[in-house]
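Dear colleague,

I am handing over the structure below, and my notes on it follow. Please read them beside the coordinates and tell me where you would look further.

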Amino acid sequence: MVPFRKMHGLGNDFVVLDARKGSVLDARRAALPITPARAAAIADRRRGIGCDQFIVMEPGTDGADVFMRIRNPDGSESGACGNATRCIASLVAEETGRDRVVVRTIAGDLPVERLPNGEGMDLWRADMGPARLGWRDVPLAREVDTLHLPIGRGPVADPAACSMGNPHATFFVPELDALPLAEIGPALEHDPIFPERANIGFVQVLTPEYIRLMVWERGAGLTLACGSGACAALVNAARRGLTGRRATVSLPGGDLVIEWREDGPGAGHVLMTGPVATAFTGEIDLGAYPA
Ligand SMILES: N[C@H](CCC[C@H](N)C(=O)O)C(=O)O
């Protein structure tokens, strides 16, 4: 049996395993590899524990406190997961007693700091790195203005796109609630313009400092919150002149505060502030899941 922790950021939920040195999973990693198929089976909401993403903590090296491996329920790996970044940083902060932690992903190092709010529910601010705005960065299949992609489905069209270490398209709509997301989400996620697929955000701008967002996530579907999606939504809205460079992003699971730094150290980086939570801990028999 292997211990796991069930965590979430605004309802975007994760199964977290620890494969760092000396952990039970580290000892058994060779015998029980976390394959895409096994991750997908554990993420299954009926046959497994169920989660939006499956997260494995691996040893941190040269400046990073921990490496975070991110897999979607379909087994695909991602370079970013904003909500999980805060969750993993909070675990390391708890272990070390430090309020600042560096989480490494395949897309880069993400410094995270605790913002004590005195009422017991701390907030965590992650520097999600620079927004990548070029068509090759997203990536797109061909050279296109990333502020206006020539795609659409049903009532939505003309999104902006950027990468936060993972691909995002952002559509701007007058009203969120009537959108047929279950129908247009998968079609847009798999649009040929996205060679690595994409996370698809739908934004209703209420004021220049407050936007609503829903995200059809690549490899996961509709989630209650998407941290990297909130970062991409703010960046794309600011690029379009619809918001300033800082706004509250209201998702079905709750609010994130996003700031796209303009100058000074970290210019161009996107800061994301929000809560973390542990729902429960348990043990899992990895061998019971297909490798
Ligand atoms: N589905 C995403 C990964 C999780 C992103 C989301 N949960 C977040 O908080 O950023 C992708 O394949 O790029």
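The UniProt positions quoted here are in the numbering used for this chain, with feature names shortened, and such annotations may be inferred rather than shown by experiment. With that in mind, the unreviewed UniProt entry places the feature "binding site" at Asn-12, Gln-53, Asn-72, Gly-82, Asn-83, Asn-166, Asn-199, Glu-217, Arg-218, Gly-227 and Ser-228.

The model is predicted. The protein averages a pLDDT of 95, and 100% of the residues score at least 70, while the predictor gives the complex an ipTM of 0.96 and a pTM of 0.96.

On the overall layout, the protein is divided into domain 1 (2-122 + 276-288) and domain 2 (152-273), and the centres of these two domains, taken over C-alpha atoms, are separated by 23 Å. Between them, 21 residues of domain 1 are in contact with 19 residues of domain 2. On the side of domain 1 that touches domain 2, α3 and β7 (108-115) each supply at least two residues, and the largest share, three residues, comes from α3. By class, that side of domain 1 has six nonpolar, 13 polar and two charged residues.

Turning to the ligand, 20 residues surround it, and the closest are Ser-78, Asn-166, Arg-218, Gly-227 and Ser-228. The elements that give two or more residues to this shell are α3 (82-96) and α5 (227-239), and α5 gives the most, with three residues. The shell draws at least three residues from each of domain 1 and domain 2, and by class it has five nonpolar, twelve polar and three charged residues.

Two of the annotated positions deserve a separate description. Gln-53 is in strand β3 (residues 53-59), and, since 20 or more other C-beta atoms within 10 Å make a residue buried, Gln-53 counts as buried because it has 23 of them. Leaving aside residues up to four places away in sequence, Gln-53 touches Phe-14, Ile-70, Arg-71, Asn-72, Cys-81, Ala-84 and Ala-220.

Asn-72, by contrast in setting, lies in the loop between β4 (66-71) and β5 (77-78), and Asn-72 is likewise buried because 24 other C-beta atoms lie within 10 Å.

With best regards

Terms used. Residues numbered from 1 in each chain as written. Predicted model: local features only at pLDDT ≥ 70, side-chain atom pairs only at ≥ 80, totals over all residues. Helix = DSSP H or I, 4+ residues; strand = E, 2+ residues; numbered from the N terminus. Buried ≥ 20, exposed ≤ 12 C-beta atoms within 10 Å, placed from the backbone. Contact = placed C-beta atoms within 7 Å. pLDDT = per-residue confidence, 0-100. Near = placed C-beta within 6 Å. Nonpolar A, V, L, I, M, F, W, Y, C, P; charged D, E, K, R; others polar. Domains from an automatic or database assignment.
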